[in-house]
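Dear colleague,

I am handing over the structure we talked about, with the sequence alongside. Please open it first; my notes on what was found follow below.

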Amino acid sequence: MAKQKNVLVSDALRVEPRTTVRVEDFDAEGTPGYPGEGKDDAIEQTQTMAEELSDLQERLYAEGRDNPGARRVLLLLQGLDTSGKGGVIRHSVGLVDPQGIQLKAFKAPTAEERKHHYLWRIKNALPGPGMIGIFDRSHYEDVLVVRVENLVPQSEWSKRFDEINKFEAELTEQGTTLIKCFLNVSHDEQKQRLLERLDNPEKHWKYNPGDVDTRLKWPAYLEAYADVLTRCSTEHAPWFVVPANRKWYRNWAVTRLLLEHLRALDPHWPAADFDVAVERKRVEES
Ligand code: AMP
Ligand code: MG
């Protein structure tokens, strides 16, 4: 088979705006845009990307120093239990300097958070200038779990798609690049991963009996995810569906998405706001 060369993973995984999609139409086993031969290649390639990714991230961070209007990136991770949000954070996000990362995991809202609009806690966690924000779950839970579990009436959650699109449009206008990833794990693979958690005492801490109740509502979640992908994949903030059955591909693909978006931003080292020659002389003479 001919190798796929120079395919942008962003193009291979993007959900085209204004297209109706079903989650079942995406292959969780797939490796779209992957140019190598398999797992060993992917781990090597991910390491190769690390260097460029680190350099770009440091430039972005440097741009953000003393510049409140500087650009930022927000990598948003959604997916059902065991889809590997944590794995992506460890293996892909873990490739860059933690000083430039702002990580936030969203759990069921606290009593304090429930007093506010659902976007309140999201707005409070947005990345600062030059930072790469990581959302482990996000405002999309407010049209996913909230919908499936009937936590608010349909009349309320159904208005949120447009509201989210508007919110994200504002974010991008203000200089945030959003990378929204749906980690797509299959029903069978989730079962295997839950069983692994049970069979390995070192993974018991990851197991939550409630995950089985969620699993039993699989069709309802797929329907909710389909609406998210259909209604909230926009030109300014598209969704990427990342096949997640193969962990090596998932990590490679998210690293690649980060790299492609940072390359497009093309951050530059800020020019010195002091006279270099004068400062050099001062240091020498000190
Ligand atoms: P985990 O990511 O496994 O630590 O689980 C976090 C839990 O928080 C999941 O069960 C989510 O469904 C839940 N959660 C996150 N955001 C919300 C929300 N806005 N409303 C209700 N539950 C939420
Ligand atoms: Mg969990």
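Around ligand 1 stand F106, K107, A108, P109, R121, R137, E141, D142, V145, V146 and L151, where a residue is near a molecule if one of its heavy atoms lies within 4 Å of it. This is a predicted model, in which local features need pLDDT of at least 70 and side-chain atom pairs count only at pLDDT 80 or more, while totals for chains, interfaces and linings use all residues. Residues are numbered from 1 along each chain as its sequence is written, chains are lettered from A and ligands numbered from 1 in the order in which they are written, and side-chain values use heavy atoms, with hydrogens and water left out.

By class, this shell has six nonpolar, no polar and five charged residues (Ala, Val, Leu, Ile, Met, Phe, Trp, Tyr, Cys and Pro count as nonpolar, Asp, Glu, Lys and Arg as charged, and the others, Gly among them, as polar). Among the polar contacts (pairs of N or O atoms within 3.5 Å), an N or O atom in the side chain of K107 is 2.4 Å from an oxygen atom of ligand 1, a polar side-chain atom of R137 lies 2.6 Å from an oxygen atom of the ligand, and one of R121 lies 3.1 Å from a nitrogen atom of ligand 1.

Turning to the fold, five strands form an open sheet in the order β2-β3-β1-β4-β5, with parallel pairing; strands are DSSP runs (E, at least two residues), numbered from the N terminus, and two of them pair if DSSP finds at least two bridges between them. β2 (101–105) and β5 (239–243) stand at the edges, each with a single partner strand, so one side of each is left without a neighbour in the sheet. β2 pairs with β3 (residues 132–136) over five parallel bridges, and the bridge partner of Q102 in β3 is G133.

Best regards

How values were computed: Polar contact = N/O pair within 3.5 Å; in protein donor to acceptor, adjacent residues only side chain to side chain. Helix = DSSP H or I, 4+ residues; strand = E, 2+ residues; numbered from the N terminus.
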